[in-house]
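Visitor: I am new to this structure and would like to ask some questions about it. Could you show it first?

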Amino acid sequence: MTTQYISFIGAHRAGKSNLLKSLWNIPAERGDCFDNRTKQMQIYTLYDDNSSNKVHLIDYPGVTDPVKAIAHLNQNYSVFSTFYVIVVRAGTDYNSAAELINELQMSASSSPITSLTETHQQVVNATTATQMEPINGSLSTDQNRIEQKYGLNQSAKFVVIITGIDTIPDPLIENELNEALNKRLKIDKGLICMCYNKEAIDDENYLRLHEPRNLPGISDVRTFLTKHFNQILDKHSNFNTYKYREQL
């Protein structure tokens with residue numbers, strides 16, 4: 001099975017690392033203050049309990065130009081993601097997410113390229129979370145030309161997670177979703193999942209205040225992502241069986 005790379009990308013304070021921590025108990029740094037923000041790309045590995053298969057998750061630092069950030073990753077590390085999880089905080093600017101979606105949709109109409117990730121497994125430290133280091137001089141001239149030509153994996157799929165919906169009054173949540181679908185991102189409703197990540201909140205009074213609202217949460221996101229991730233896995237695999245294991 002070809003190694004799969006799934007990228008979590010979005011603006012600063014969108015909640016990418018919090019999602020990884022809540023979804024798979026990954027020891028990602030929570031960006032609840034400036035000093036704790038993700039500052040370098042991190043890679044985490046999920047293992048399938050029922051086979052030897054694994055999936056690598058890339059946690060990007062907050063970016064305002066995701067297309068440029070992904071091109072940098074491709075050209076310097078030879079990692080072509082097969083799936084992008086675009087994380088947007090409710091009530092914020094959707095422009096950078098819209099730009100990335102536009103690039104992905106344009107790429108989808110072209111023929112896919114061959115992933116180079118198998119050639120460069122030294123990028124991955126499969127036992128721990130890793131700060132990614134550039135590959136030094138190991139790419140052939142032909143591979144360099146491929147990387148310079150393509151900013152994105154042309155066969156990559158994507159979904160959007162809208163976080164922070166607890167900050168929006170109930171009567172406006174549907175408006176936020178419709179605005180994102182029809183005006184800002186212009187994508188199908190099946191590609192968006194809204195999320196109140198209460199697992200990332202330590203304030204018990206805040207949690208009690210919002211408990212009656214019955215907002216979609218981490219379990220809904222897990223079901224949503226599993227459905228979409230299964231599209232890129234081997235037909236005998238199910239993403240529900242993939243777990244993060246911290247290696248000793």
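Visitor: Is Asn214 buried or exposed?
Guide: This is a predicted model, and Asn214 sits in the loop between H6 and H7. Residues over 50% relative accessible area count as exposed. Asn214 has 70% relative accessibility, so it is exposed.

Visitor: What is the phi of Asn214?
Guide: Asn214 is a residue other than glycine, yet its phi is positive. The value is near 55°.

Visitor: Which other loop residue has a positive phi although it is not a glycine, and where does it lie?
Guide: The residue is Lys186, with a phi of about 55°. Lys186 is exposed, because its relative accessible area is 60% and the cut-off for exposed is over 50%. Its place is the loop between helix H5 (170-184) and strand E7 (192-195).

Visitor: Which residues line the second largest pocket?
Guide: That pocket holds about 220 Å³ of space. Asn214 is one of its lining residues.

Visitor: Which helix gives the most to the lining of the second largest pocket?
Guide: Helix H6 (204-210) and helix H7 (218-229) each supply at least two residues of this lining. With three residues, the helix that gives the most is H7.

Visitor: How many residues of that lining are nonpolar, polar and charged?
Guide: The division of the lining is four nonpolar, four polar and four charged.

Visitor: How many residues of E2 are buried?
Guide: Strand E2 covers residues 42-48. In a regular strand the side chains alternate between the two faces of the sheet. On one side of E2, Gln42, Tyr44, Leu46 and Asp48 are buried, and on the other Ile43, Thr45 and Tyr47 are buried too. The count for E2 is seven of its seven residues.

Visitor: Which residue in E8 is the bridge partner of Tyr47?
Guide: E2 pairs with strand E8 (residues 242-244) in the antiparallel sense, over three bridges. Tyr47 is a residue of E2. Its bridge partner in E8 is Lys243.

Visitor: How many bridges pair E2 with E3?
Guide: A hairpin of five residues joins E2 to E3. Thr45 has His56 as its bridge partner in E3, and Tyr47 stands opposite Lys54. The two strands pair in the antiparallel sense, and the number of bridges is six.

Visitor: In what sense do E1 and E3 pair?
Guide: Strand E1 covers residues 4-10, and five bridges link it with E3. One of the pairs is Phe8 with Asp59 in E3. The sense of the pairing is parallel.

Visitor: Why is E3 largely enclosed by the rest of the structure?
Guide: Strand E3 spans residues 54-59. A residue counts as buried under 20% relative accessible area. E3 is largely enclosed because the number of its six residues that are buried is five.

Visitor: Is Arg89 buried, exposed or partly exposed?
Guide: Arg89 is in strand E4 (residues 83-89). Buried means under 20% relative accessible area and exposed means over 50%. Arg89 is at 33%, so it counts as partly exposed.

Visitor: How far apart in space are Arg89 and Thr163?
Guide: Leaving out residues up to four places away in sequence, Arg89 touches Arg13, Ala14, Thr163, Gly164 and Thr167. Arg89 and Thr163 are 74 residues apart in sequence. From C-alpha to C-alpha, the distance between them in space is 4.7 Å.

Visitor: What share of contacts in the protein chain join residues at least 24 apart?
Guide: The protein chain has seven helices and eight strands. The share is taken among contacts between residues at least 6 apart in sequence. It comes to 74%.

Visitor: What share of the residues in the protein chain is buried?
Guide: The accessible surface of the protein chain is about 12500 Å², with 46% of it belonging to carbon and sulfur atoms. The chain has 248 residues. Buried residues make up 51%.

How values were computed: Residues numbered from 1 in each chain as written. Predicted model: local features only at pLDDT ≥ 70, side-chain atom pairs only at ≥ 80, totals over all residues. Heavy atoms only, no water. Helix = DSSP H or I, 4+ residues; strand = E, 2+ residues; numbered from the N terminus. Buried < 20%, exposed > 50% of the residue type's maximum accessible area, 1.4 Å probe, protein only. Contact = heavy atoms within 4.5 Å. 1 Å grid on protein atoms, 1.4 Å probe; cavity = no way out; pocket = protein on both sides within 12 Å on 5 of 7 lines; lining within 4 Å. Points joined across faces, edges and corners; volume = space filled by probe spheres on them. Nonpolar A, V, L, I, M, F, W, Y, C, P; charged D, E, K, R; others polar. Areas by Shrake-Rupley, 256 points an atom, 1.4 Å probe, with all protein chains shown as cover. Pairing = 2+ DSSP bridges.
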